[in-house]
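Visitor: Please take me through the open spaces and the helix packing here, one point at a time.

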Amino acid sequence: MNIMTPTPTGQRPANCSDAEWEARCELAAIYNALVKYRLTDITNQWHAIRVPGEDALLTHHYGWMHEEVTASNLIKVGFDRTNHNPENGEPNPSATEIGKLFFEADPTMNCIMHVHTKAIMGVSAQKDGLQPLSQAYLMIGGGEVIGYTDYEFECTDDFLSGLLKAGLGRKAIIEAWHGAFVFGATAGETFFRSFYLDQACAVQLEVQKSAAGGAVIREIPVTEIRRHLADMNSSDWYGYEGELEWLAIRRRLDVEAPHYRA
């Protein structure tokens, strides 16, 4: 095991383009924003972003806390598994294998977040998955954008092929007893969906507590789901891409955690 102390230099790694540096800032913002919204899991979870114009991705050194991640201490890993920043440590193998898998399969996908919050894990153990019980369910795009797969500790060939099948054409995968993988074209979209997936799961667990106490529960009718999704999809404000929210989150980080850009 390679145990390292984070040492952000604040300097771009060698041969780092402007596009790569911006991708580094975006990914470091994801890690630090998750801390602000209490969506971390000690040193676990990983997130990855495509390096623009390269067959490579960025992720963090496995073992660091989210708030320790900065733009300069991220690791660039080629799709051939070459570590281009060995001075920054070693990535979680799942990040490189699963990131490579989806980035190669879908050129429109540029960011992946792997989260296992308590709420998502709670719903992942339920046979019927996520239910239409809140606006948060609509904010992620409804149930049709979510795939499901069983938990596997190792990234075996069978697991990876099943994961790819569950995820293609969707925006998230809930992995039973474990957490979720969330996909997006941008860092903002991916964070937006991860945030609202956690919220939708948390609401579902609260609603189920109420039901156990005798409350009569109202699910959103299918016709209403379709109507609301159509309205939201055509809206300038709620198009599921999370741009508005992400700009605000970056502004918050610029004030409260500016080290993410170092």
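**Pocket, cavity and helix contacts**

Visitor: Which element gives the most to the lining of the largest pocket?
Guide: Helices (H or I, at least four residues) and strands (E, at least two) are DSSP runs numbered from the N terminus. On a 1 Å grid over the protein atoms alone, a pocket is an open set of points with protein on both sides within 12 Å along at least five of seven lines, and lining residues have an atom within 4 Å of a point. With three residues, the element that gives the most is α2.

Visitor: What is the volume of the largest pocket?
Guide: The model is predicted, with pLDDT of at least 70 needed for local features and 80 or more for side-chain atom pairs, while totals for chains, interfaces and linings use all residues. Residues are numbered from 1 along each chain as its sequence is written, and side-chain values use heavy atoms, without hydrogens or water. A volume is the space filled by probe spheres set on grid points, which are joined across faces, edges and corners. For the largest pocket it is about 430 Å³.

Visitor: Which residues lie nearest the centre of the largest pocket?
Guide: Ala, Val, Leu, Ile, Met, Phe, Trp, Tyr, Cys and Pro count as nonpolar, Asp, Glu, Lys and Arg as charged, and the others, Gly among them, as polar. The lining divides into nine nonpolar, seven polar and three charged residues. Of these 19 residues, the ones nearest the centre are Tyr 62, Asn 92, Ser 94, Phe 153 and His 178.

Visitor: How much space lies in the largest cavity?
Guide: A cavity is a set of points where a 1.4 Å probe fits but cannot get out, and the count is one cavity of 30 Å³ or more. Lys 171 and Arg 193 are among the residues lining the largest cavity, whose lining has five nonpolar, no polar and two charged residues. The space in it is about 40 Å³.

Visitor: Are α6 and α8 roughly parallel or roughly perpendicular?
Guide: Axes are lines fitted to C-alpha atoms, for helices over the stretch in contact, and angles run from 0 to 180 degrees between N-to-C directions. Angles under 35 degrees count as roughly parallel, over 145 as roughly antiparallel, 65 to 115 as roughly perpendicular and the rest as oblique. The axes of α6 (residues 187-212) and α8 (residues 243-256) come within 8 Å and cross at roughly 95 degrees. The two helices are therefore roughly perpendicular.

Visitor: Which residues does Gln 131 contact, leaving aside its neighbours within four places in sequence?
Guide: Gln 131 sits in the loop between α3 (118-124) and α4 (135-139). Contact means heavy atoms within 4.5 Å. Beyond those neighbours, Gln 131 is in contact with Tyr 137, Gln 204 and Glu 219.
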